[in-house]
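Q: I am new to reading protein structures. Could you walk me through some features, one at a time?

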Amino acid sequence: MDVQETTAACRDAFAELASPACIHDPYPFMRWLREHDPVHRAASGLFLLSRHADIHWALKATGDAFRGPAPGELARYFPRAATSLSLNLLASTLAMKDPPTHTRLRRLISRDFTMHQIDNLRPSIARIVAACLDGMAPALERGEAVDLHREFALTLPVLVFAGLFGMPQDDMFGLADGIGVILEGLSPHASDPQLAAADAASARVQAYFGDLMPRKRADPRHDIVSMLVGAHDDDADTLSDAELISMLWGMLLGGFATTAATIDHAVLAMLAYPEQRHWLQGDAVGVEAFVEEVLRCDAPAMFSSIPRIAQRDIELSGVVIPKNADVRVLIAAGNRDPDAFADPDRFDPARFYGTSPGMSTDGKIMLSFGHGIHFCLGAQLARVELAESLPRIQARFPTLALAELPTREPSAFLRTFRALPVRLHAQEG
């Protein structure tokens with residue numbers, strides 16, 4: 001069906017993104033939205049930005065032109081917040097806070113979650129990657145199909161987070177089962193049953209961390225939870241238990257399903273563009289370029305789930321967004337804007353070779369981790385997991401191929417997978 005015909009009178013881009021056609025391939029609709037309705041007002045009154053320049057400006061202007069909802073406004077922007085644990089936890093996360101509260105919380109988290117500390121995890125992440133590939137190898141070598149999504153893309157971040165948080169692996173697997181459910185419940189158009197399921201999963205996470213923190217205080221180890229609950233002699237300020245639980249809840253939501261989806265998309269890129277695999281066989285700079293291009297081409301989160309409230313009337317692309325309007329950004333559309341990235345539907349790691357993380361050779365910002373004061377705290381961890389994974393997959397299984405078409409989750413918010421079956425092709429000759 002022609003995109004122009006189906007969207008000429010689009011009343012709600014969020015509903016369109018949830019349609020089967022967009023679940024299969026959302027990019028034609030996003031192209032139409034950028035060209036015909038770049039500052040879209042949905043039926044619910046939410047505004048959705050789809051042009052790179054508008055999104056980049058809006059993210060950078062958060063804390064100035066835009067703000068998070070104040071505690072007293074929560075019911076206005078989240079009408080079901082009065083009865084929803086998930087929405088209340090979301091409201092207390094770092095992403096929902098404005099300076100100076102945001103500045104304080106980000107500083108307290110960042111002192112124990114530095115890029116240097118994440119880089120120090122590379123050897124342990126490499127060992128986890130090798131163990132996951134060892135587990136897949138026997139079945140693949142027998143000629144069987146293996147679900148790479150379940151056996152690798154989901155398993156890797158779960159095991160990495162278990163080590164990072166100092167938790168038993170089985171406990172982390174148990175919590176991880178509910179992360180996708182929570183994320184779907186936080187979508188702007190989630191149904192009441194979806195939100196109820198999210199609340200049940202959030203309650204399990206909240207209870208677990210509530211029990212874990214005193215155990216870490218009594219018996220601290222070299223993990224992020226022990227550091228966050230521990231005393232800092234040079235800093236009298238500490239996170240309260242409620243603040244810490246919301247931070248850990250938010251870290252799980254931001255760093256698990258999205259990383260798994262990006263691993264899946266990276267493997268699909270390896271299979272779809274074999275001429276680009278050389279980026280994974282050379283230096284670390286080439287690997288980093290491949291990772292950035294995967295993140296640009298297939299952002300795991302289609303749009304922002306966090307409200308950004310206009311502080312004043314704002315004109316963008318000829319449309320006036322009124323003061324106090326709720327504005328979201330369509331990250332995936334911005335990443336494929338031809339005004340930012342030439343030939344944007346072409347997979348080309350060269351556009352990120354030798355640049356700063358997230359910046360193209362033309363000086364444009366890849367938006368998948370956000371920008372400005374709410375730039376993703378776990379971006380470096382995700383990049384390290386991908387950089388340690390992809391060259392090893394390529395080296396270990398150079399003839400990897402799809403066994404059948406992957407199955408996607410029917411989600412408008414997260415471009416994630418239900419299954420990614422792969423097998424080995426017999427080498428010619």
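**Reading the model together**

Q: Where is asparagine 324 placed?
A: Strands and helices are runs assigned by DSSP and numbered from the N terminus, with at least two residues (E) for a strand and at least four (H or I) for a helix. Here, asparagine 324 is placed in the loop between β7 and β8 (326-329). Residue numbers start from 1 along each chain as its sequence is written. The model is predicted, so local features need pLDDT of at least 70 and side-chain atom pairs count only at pLDDT 80 or more, while totals for chains, interfaces and linings use all residues; side-chain values use heavy atoms, leaving out hydrogens and water.

Q: What should I look for in the phi of asparagine 324?
A: Most residues other than glycine have a negative phi. Asparagine 324 is not a glycine, yet has a positive phi of about 75°. Serine 317, also not a glycine, has a positive phi of about 50°. Serine 317 belongs to the loop between β6 (314-316) and β7 (319-321).

Q: How many helices and strands does the protein chain have?
A: The protein chain has 21 helices and 12 strands. Its radius of gyration is 21 Å, close to the 22 Å from the globule rule for 429 residues, so the chain is as compact as a globular protein of that length. That radius is taken over C-alpha atoms, and the rule is 2.2 Å times the number of residues to the power 0.38. Along its principal axes, the C-alpha trace spans about 65 × 60 × 40 Å.

Q: How many of the residues count as buried?
A: Of the 429 residues, 55% count as buried. Nonpolar side chains tend to be buried together in soluble globular proteins. A nonpolar core is a set of buried Ala, Val, Leu, Ile, Met, Phe, Trp, Tyr and Cys residues joined through side-chain atoms within 4.5 Å. The largest one in this chain has 147 residues, and Phe152, Phe165, Phe209 and Leu400 touch the most other members.

Q: Which residues is phenylalanine 209 in contact with?
A: Contact means heavy atoms within 4.5 Å. Setting aside neighbours within four places in sequence, phenylalanine 209 is in contact with Phe165, Met167, Leu175, Ile245, Leu248, Trp249 and Leu252. Valine 205 lies in helix α15 and is buried, with a relative accessible area of 1%.

Q: Is lysine 216 buried or exposed?
A: Lysine 216 counts as buried, at 7% relative accessibility. It is found in helix α15 (residues 192-218). Beyond neighbours within four places in sequence, its contacts are Phe165, Gly166, Asp223, Val225, Ser226 and Val229.

Q: Where does aspartate 298 lie, and what does it touch?
A: Aspartate 298 lies in the loop between α19 (284-297) and β5 (308-310). It is buried, with a relative accessible area of 16%. Not counting residues up to four places away in sequence, aspartate 298 touches Tyr27, His265, Arg336 and Arg415.

How values were computed
Buried < 20%, exposed > 50% of the residue type's maximum accessible area, 1.4 Å probe, protein only.
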